[in-house]
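Here is a short briefing for a first look. Start with the sequence and structure below.

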Amino acid sequence: MVDSALSRPGQRERYDSKLAQIDWLFVGLLCALTGIGIIMLYSVGGMTWGGPGWAYKQLIFFSVCLVMMCGLSLLDLRVWLMGAYWFYGASLLLLIAVEAVGDVRMGAQRWLSIGGFTFQPSEFMKLAIVLALARFYHECSAKDANLSWKLLIPAAMIGVPATLVMHQPDLGTAVLISLTGASVMILAGLNWKIIAAAAAAAPVAVFFAFQYALHDYQKKRILTFLNPEGDPSGDGYHILQSKIAMGSGGLLGKGLGLGSQSQLNFLPEKHTDFIMAAVSEELGFAGGFTIFLLYALIILMALRMASLSHSHFGRLAAAGATATFALYVLINGAMVMGMFPVVGVPMPLVSYGGSAMLMVMTGFGVVLGVKVHRYQELPRQASIFSRFE
């Protein structure tokens with residue numbers, strides 16, 4: 001009988017060594033953050049494991065994703081490098097498939113159903129764009145000053161999926177894809193003059209997007225964000241109820257299961273987009289501060305792991321995945337406080353949802369993998385026919 005690879009002493013020692021390289025403190029912080037989220041889902045679901053079952057399902061989602069993340073962290077970085085364009089292409093095809101045969105829910109066509117499993121392909125694109133751009137800039141010669149190569153092609157790589165997602169329509173995800181892609185371009189060393197020019201042109205682009213690209217309800221959301229009191233029982237309802245919930249929690253909150261806005265269903269989407277409003281109401285400023293402190297520690301540790309990589313691809317992939325996570329936190333946090341339009345972006349690892357958690361944990365699998373394989377040098381030109389040593 002031929003022993004499996006993992007049963008050989010040399011192979012076992014190698015994998016044991018890789019497991020030891022995983023930052024287990026970082027993993028612990030992810031577990032702590034998700035644990036708080038599960039407790040809140042348990043609370044806003046009526047303090048029962050029955051009923052909506054949000055807490056139970058989230059626990060299952062996270063358990064599976066946690067094992068997957070640790071497994072992905074052991075992958076050779078060349079696997080991520082060579083698979084980057086394939087992942088991007090597959091994600092783009094899935095977005096096109098949504099246009100053709102996607103499920104329509106609540107007036108939006110964003111989901112695909114395969115074998116009874118429903119998912120949002122746009123979630124995959126958030127990580128795919130990071131890996132594709134990381135590979136592009138890894139292979140791009142540092143001496144190549146051709147703007148069509150360093151700027152316009154990446155802009156097209158970002159613009160095509162962002163446009164497809166906008167058409168679903170899903171403004172929040174389109175914004176995330178665009179900002180994530182722009183973050184990777186900046187991290188890759190894009191000239192600051194170009195960044196300044198793009199920033200100066202941004203208001204003009206936003207104006208034309210508002211006038212000609214957004215749907216009427218999306219325009220109304222933005223106008224409502226500027227003056228939510230103008231329609232308190234209509235489009236301004238979400239923001240106003242969120243502010244009431246957050247303000248009523250005080251320093252220590254009303255207690256789990258005792259929040260009037262969340263428990264009496266005044267607070268909309270209390271288990272997804274507006275779960276931080278429920279946190280502030282039931283756990284108060286102290287609970288919200290604790291969650292944001294965990295987010296800050298996770299982001300700082302992930303950026304540090306990204307900086308350790310000896311390869312340009314590793315640094316960009318890990319930093320880009322971290323930027324995506326940070327943008328989730330920034331946009332959702334601003335949204336529930338009324339500082340950003342309601343665009344349907346969840347709070348990562350705290351809000352309920354399997355697709356978003358899958359991509360966040362996959363991204364952190366990349367981050368941990370970059371740390372585990374931080375000394376690995378990668379070839380400038382990757383090929384599926386490359387020989388693994």
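The term pLDDT is the predictor's confidence in each residue, from 0 to 100. This is a predicted model, in which local features need pLDDT of at least 70 and side-chain atom pairs count only at pLDDT 80 or more, while totals for chains, interfaces and linings use all residues. Residues are numbered from 1 along each chain as its sequence is written, and side-chain values use heavy atoms, with hydrogens and water left out.

**Confidence**

- The chain has an average pLDDT of 82, and 80% of its residues score at least 70.
- Confidence is lowest in helix 1 (residues 9-21), with a mean of 65. It is highest in helix 12 (residues 275-307), at 95. Helices (H or I, at least four residues) and strands (E, at least two) are DSSP runs, numbered from the N terminus.
- Residues 383-389 stay under 50 in pLDDT. The model gives this stretch 10 contacts beyond four places in sequence; contact means heavy atoms within 4.5 Å.
- Where pLDDT is low, the predicted coordinates should not be read in detail.

- Tyr 328 sits in helix 13 (residues 312-336). Its relative accessibility is 3%, so Tyr 328 counts as buried. Buried means under 20% relative accessible area, exposed over 50%, and partly exposed in between (1.4 Å probe, protein chains only).
- Beyond four places in sequence, the contacts of Tyr 328 include Glu 123, Lys 126 and Pro 346.
- Thr 34 belongs to helix 2 (residues 24-44). It counts as buried because its relative accessibility is 0%.
- A polar atom of the Thr 34 side chain lies 2.8 Å from the backbone oxygen of Leu 30. Leaving aside neighbours within four places, Thr 34 is in contact with Phe 62, Leu 349 and Met 357.

**Salt bridges**

- The count is 4 salt bridges, each a side-chain nitrogen of Lys or Arg within 4 Å of a carboxyl oxygen of Asp or Glu.
- Lys 126 pairs with Glu 123, with the closest N and O atoms 3.0 Å apart. Both residues are buried. They are 3 residues apart in helix 5 (residues 121-139), so about one helical turn separates them.
- Arg 135 pairs with Glu 139 at 2.9 Å.
- Lys 254 pairs with Glu 281 at 3.5 Å. Lys 254 lies in the loop between helix 10 (237-248) and helix 11 (260-263) and Glu 281 in helix 12, so the pair ties together parts 27 residues apart in sequence. Lys 254 is partly exposed, at 32%, whereas Glu 281 is buried, at 0%.

Technical notes: A polar contact is a pair of N or O atoms within 3.5 Å; within protein, one must be able to donate a hydrogen and the other to accept it, and residues adjacent in sequence count only if both atoms are side-chain atoms.
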